[in-house]
Each structure stands twice: as C-alpha cells, then as structure tokens.
Amino acid sequence: MAGPTIIAHGTEEQKARYLRPILAAEEIWCQGFSEPDAGSDLAAVRTRAERRGDVYVVNGQKVWSSFAHIAERCILVTQSDPDAPRYQNLTYLLVDMHAPGVEVRPLRQITGEAEFNEIFFSEVQVPVENRLGEEGEGWQVAMTTLLHERATLGFALTATLDAAFGRLLEEAREREVDPRVREGLAREWIELQALRYTNYRALGTYKRTGVPGPEGSGVKLRWSEANQRLTKLARELRGPEGILDDGWWNHQQLRSRGNTIEAGTSEVLRNIISERVLGLPRSR
Amino acid sequence: MDFALNDDQLELKQQARTWLADRFPLDRDWDALEDRWRELAELGWLDVAEAGLGFVEEALLLEELGYACYPGPYIATVGFALPWLSAEQRARVAAGEERWSVDVNGLVPWLGSVDFVVSDGGTAYPARGEAVASVDPSRPFGRLDKADGEPLAGNRNLPRARTASAAEALGVAQRALDLGVEHAKTRLQFEKAIGTYQAVSHPLAQTYTDVELARSLVYWAAWCVAENDERAPLAAAAAMAFATEAAVAACERSIQVHGGIGFTWEHPLHRFYKRALWLEGFGSRPAELRLEVANALLA
C-alpha cells in the first residue's frame, strides 16, 4: 500500500529514500488512516498536522493499525486545515515511528491477540519533505493507497482461503461427512474457484489496459463472506467437537468476524459498487 | 494464458448484443417465437468452427442469447446436440436447414419445432411426440415418440452442455441486473431516485458480484471444454450450479427492486425469470451438481 502510493505521488528523493528498503524487506510500514471517530467516513479524520516552518507538528490518535508495533514508518492521513472544505483539508505524511511523541499501544481483539494497535501522536515533528503530494491533497493520495489495497488484496486473500479450504477438505476426508456438509464443501470450493478466476480476469484487464477494471471490486466483499461461512462449515464438520478450542478453527471463526469490517466494511464496499460500478446515485 | 477476453471476442460479443437487441427487443411480440434460424446461419453462429472459432466464442454467443431472452433452439442444437452429429448433419445445421434437440429425463425442449432429437445414448429420432407445458413458455417441452431411430456418429459431451446452460444463465443474470439498475436510476420516490437508498442499491451490488463470479466460472469452464482440459467436468458443474442459481436470484432481486411493475405480465422481467428457472431446472439442479462436486473433492 505504501510502495505504490509513493511510486504514484512521491518526489524523486522520496522514491530513492523509501522504495528500496520496502523491496528489501528492511523497513515495515503501517497505515494511519482510521480514527476512533473516523472509520468508514475517512474524510472526517481529526489528527491535526500544523505547519510550523520546516515541520508539521502532529497531534491526534489513529486506530486499527496492523503491525504498528513493529513498523519503522507510517503512512498518515492528517487534517491540515480545519477551515478548508471537506476533501480539501487533508495532508498525507510519511512518519518515522521512532520519532519523539509517537506511542503505540496494542489493541487486544476478539481472539485475545493484539494484531492491531492504537497510535498516539503528541507534538510529533514531521519534516515538510516527508509530505506525500501537496498540502490539502491528502484525500487524492489516500484514494491511491485504497485503490491499490483493494486491487491487490484479493490475490492474497484468495490464497489464504484456498489454504483454509484445503485444510478443511483434509479433515473432511478423515471423517463421515453428512450430505449437508458435503454440499457446503462443494459450495465453498465453487466460490473459491470463482474468486480465483475473477482475480485472473482482473489481472488480464489490468495488464491490457493499465488500469484496474471493475471485475475485482467484489472480490474482497465475497471473500470475507466466504471465509466466515467456511469457519461455520468447519464447526458443522467437527460436530460435537466444534465446541472445543482446537487452536485453529476456533481462532479462524473469531478472527473472520473482522473480515467484513477491515479494509472497507461490506456496507462501504456495496456503496462503492453501487455508485462507481453500477452508476447509481450517491447515497449521502 | 490470458483470462480476460481478447479484442476479437469482445467485438463478437458486442456484435451479437447489437444484432439481438435489434431483432429481439424488449417490446417485441413475446408470443411470436420466430427463431430467425437462417439469419443465424448467415451470421455463422451455427458453425463457428468455420470461422476458426471454438466453444469459448459459442459460450459468448450463448451469453448474449440469454441476455436477449432469444426464443429459438440454439442452445439445444449447438449447446446440447452438436457433439453427437456427423459432419453431414453439422453441415445441414450450419446451412440453417436443421434444428436439433436432446431428450433429457424424458423431456425434449422444442420438440414441436426441431427436426431431430438425440436420445437413448446416441440415437437420432425424428422429432414427434406430445407437447408438455414448460415453466418458460418460450422454451416448450415434449415427450418423444421413439420411432425410426438411427444411430449417431458422435458422443455425449456433458460438460459442454452444462457450460452452455451456465453461459445462457449468465446473460439472463446480467440482463436482470441491468434492468434493475436502470429502474433504480430513473424511478423516483420521496423525490429521489430509489437507487439512492441502500436498501435498494445493495441487493443490486450483491447481484453484480454474483454476475462477475458467475462470469469467471463460465469463461473458465468454456475454456476447459474448448481445450479438452481434464478439469472440464468439475468446472462445468461448478459453473452451471453457480450461474443458474445466480440468474434466478438476480431476477428475484430485480423483481423486488422494480416493485409492482416487476410483478406484471406487461413488464418483460417475468420472461427472464422464467428463463432462469428453466435453466436452473433443466438437466441437473444446483444441489445435485454440488453433490457431484463434493464427491469428486472427497474421493
């Protein structure tokens, strides 16, 4: 997400500084977009970036930041002008996570793990040269990040679903499987193939036209629902043992509830399909 | 392998869309079941091999025939019967001189309007018998009187037949979606286009994802059939189960989005719904197909 956005909007200096360590896996980045009061409504972020000479002084709080506890850098969406109109008041910054005033607090989630974090910024000084794009144009830069997140996410997600399905199938081969579960297995296998070939079609279009086509816009939406159904099917398959914490499916069941929320809630994704793909009028 | 359609395929699809929209518009006389068979022959659709094309292109034509709710026996002749036919029989089909159908579970689509029927695992019978009412009146059935049978030269190709049904269903689903979207953009209630309301737009978005996933399965299955890939049986079963169910659901959501008008005889939506129900029920039903897939996966 950070890499493609820097390629699209970065200066030559920024590209030279940041891209190689990403490719070499030397620097991990995290995403500072969502806030406690700005989730689906990203344009409502309140983390403030105030220009003082050669630096922006950042104050505020971000949430749901995966890997922030091990990240070197953060792509941060800030509000830089409280008086400017909506969508013209944001500035996109590249922030050093080790700078004074940055504090990361792990966020324990439904599974008991802490995969996400809160990030607190108090009087954090970010050099002006770490701004990506122009001041006030952070919304456009953020949209580039989200476009790439959704364009490539589908491939990784489909691969993880494939692996989880393979695991379920192995377990099913070792048991008596009732007809209802058999049909469920077939249904999920079919959905998995549909996702796989939709990804390939999207890639084919992308290769030919250079822009992501609409094919892939439903993949994350459908993947998240498929992954949730798969964990329920696993419970069915395991029968009375479904109530035990087996260390894998139980975790999957709980973790999958986040799938329809993270990286765009299903409701926001349906809005995007309705408005940008089907051309229906805006709902807000 | 490139999974997106190439320019020639996109052009063929667009030509078919335009031609069918002109001959079979939504405001047609739906009781006139004219099939324009000679014109299909002139277009080369009854013998795509002549133009160096294959089953992927036939599947695209079937998709467009579904989109137009075309009433003739193209799917029965080209989708179902063709693999059984000899070179001479194919030539007569290509010339627009013969129509064929198949006997499946004792039911023959278009028995009253085709010339020959494939039955009994490889016998051709002249099309005679009693008519049976169909869920889709543009796609009537009959029960075959088996007399004067002749053995056929070719073989059954079940994955091909199933993929043909899936391709047609894909077109039906796309049309139901397009009609629903058009209505949601233009119908005003509470001073707004009803598509503004998420309770209306989100079911259409759901249909959109169904259509795109169905499209991926149909094109995959069509490619497997065209290339004689070993995955063809499984891909075709998957495509038919998914696409026919998606078509039924797409029509049902579209009827709901249309409100009262979608429930009338006057509106064409019920024609597509009946076509979807026919496709979902003919040959193998989705639940049966899924059990087939499950048996293959668990074997």
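This report describes a sheet and a helix of chain B in a predicted model.

Residues are numbered from 1 along each chain as its sequence is written, and chains are lettered from A in the order in which they are written. Because the model is predicted, local features need pLDDT of at least 70, side-chain atom pairs count only at pLDDT 80 or more, and totals for chains, interfaces and linings use all residues. The mean pLDDT (the predictor's confidence in each residue, from 0 to 100) of chain B is 97, with 100% of its residues at 70 or more.

Four strands of chain B form an open sheet of mixed pairing, in the order β1-β3-β4-β7; strands are DSSP runs of E with at least two residues, helices are runs of H or I with at least four, and two strands pair if DSSP finds at least two bridges between them. The strands β1 and β7 of chain B stand at the edges with a single partner strand each, so one side of each is left without a neighbour in the sheet. Between β3 and β4 of chain B the pairing is antiparallel, over four bridges, and B:F116 has B:P126 as its bridge partner in β4(B).

| Strand (chain B) | Residues |
|---|---|
| β1 | 100-102 |
| β3 | 116-119 |
| β4 | 123-126 |
| β7 | 150-151 |

In helix α10 (residues 286-298) of chain B, the residues B:P286, B:L289, B:R290, B:V293 and B:A294 are buried (20 or more other C-beta atoms within 10 Å of their own, with C-beta atoms placed from the backbone). These residues cover an arc of only 140° around the axis (taken from the directions from the helix axis to the C-beta atoms), which puts them on the same side of α10(B).

Technical notes: The expected span of a helix is 1.5 Å times one less than its number of residues. A residue is buried if 20 or more other C-beta atoms lie within 10 Å of its own, exposed if 12 or fewer, and partly exposed in between; C-beta atoms are placed from the backbone.
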